[in-house]
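Here is a friendly note to read with the structure open beside you. Keep the viewer handy, as the points move from one region to another.

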Amino acid sequence: MMERRLHRRRLAAMPGMIIDDVRADGGPSRWTPLGVDVGYAVILVRRGGFLRQSEGEEAFIDACGGFLSREGAEERFAYPLGGVDLCTVIGFTADAYHEYVEPAARDSWHLTTDVAFDVLHRRLLAACERGIDRFEAAEGIHLLLERLPIPIEFAVESRSSTRLAHRRLAAGVQEALSNGYLTSDLAELARLVGSSPHHLSRVFRQVTGRTISAYRNEMRVRSVLGDLASGAADIAQLAGRYGFADHAHLTRTVRRYTAEPPSVLRLELSMNVQATEVARP
């Protein structure tokens, strides 16, 4: 079992708040030892996926969400996919967290976000890379917090064992989609997690509040956004990689979720400062 390596880079710092770009890489791993969280933060996943257990809840965290970190909470992680995880950590002092984040926090620490939130998040990261002052960075965080999604509240089941089984089945689908099965059909996903398509579709919608098709489409668009932020320019290649019919199909889908074409988003979201400056007219 290979230990995960953590690389953390400060993008911005202001009174009460920081923004860090975090990269973790290594092979798959089982559960880490139980530890105690040492800070307050909103963690947003941009690529990859992993399991977290904390406060009596277990969830698979992927690029469709993140989690709230609270000082003193016991937690542990598992990395069934291995590979690279990219996250944004927005850290707070205790006072700032209680003022800005806690009013939106409920019983669950697990966050689910939409594509519009993800675009706003990635625009803030790109702006930090290009160089913004503390005022602009703080305002960008507050704009994100205004759209901070309500943590997931899972549907109540009559039996806790059934509820746990359903969550793990949904997590299996999330894990598969995060592991490159974005072009698979429903029958293949069902085979991967050992379920019938009908049962899987019903359970996934019950647990996440979204259909598998909608979730898969959001994952595909977020994957495209991630590649655009890294400087990818060949839209036809991205279309083939993520299972779109062609360049036009990818462009229409991205426009539907973001109201912008990929060419514009590449300039807005790029975290490659040099490439972005060269591309400017």
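This is a predicted model: local features need pLDDT of at least 70, side-chain atom pairs count only at pLDDT 80 or more; totals for chains, interfaces and linings use all residues.

1. Residues are numbered from 1 along the chain as its sequence is written, so you can follow along directly.

2. As general background, nonpolar side chains tend to be buried together in soluble globular proteins.

3. Which residues does Phe50 contact, leaving aside its neighbours within four places in sequence? The list for Phe50 is Val45, Ala59, Phe60, Ile61, Phe67, Phe77, Ala78, Tyr79, Asp85 and Cys87. One of these, Ile61 in strand 6, stands opposite Phe50.

4. Strand 5 (residues 49-54) deserves a look of its own. Five of its six residues are buried, and strand 5 is thus described as mostly covered. With strand 6 (residues 57-62), strand 5 pairs in the antiparallel sense over six bridges. The hairpin of strand 5 and strand 6 has two residues between the strands, and Glu55 in this hairpin takes a positive phi near 55°.

5. Strand 5 also pairs with strand 8 (residues 74-78), again in the antiparallel sense, over four bridges.

6. Now for helix 7, which runs over residues 212-229 and has 18 residues. From its first C-alpha to its last, helix 7 reaches 25 Å, close to the 26 Å expected at 1.5 Å a residue. Helix 7 is mostly covered, with 16 of its 18 residues buried. Just after helix 7 comes Gly231, with a positive phi of about 105°.

7. Is Asn217 buried or exposed? Asn217 lies in helix 7, and it counts as buried because its relative accessibility is 15%, where the cut-off for buried is under 20%. Not counting residues up to four places away in sequence, Asn217 touches Arg256 and Tyr257.

Definitions and conventions. Side-chain values use heavy atoms; hydrogens and water are left out. Contact means heavy atoms within 4.5 Å. The expected span of a helix is 1.5 Å times one less than its number of residues. Buried means under 20% relative accessible area, exposed over 50%, partly exposed in between (1.4 Å probe, protein chains only). Two strands pair if DSSP finds at least two bridges between them.
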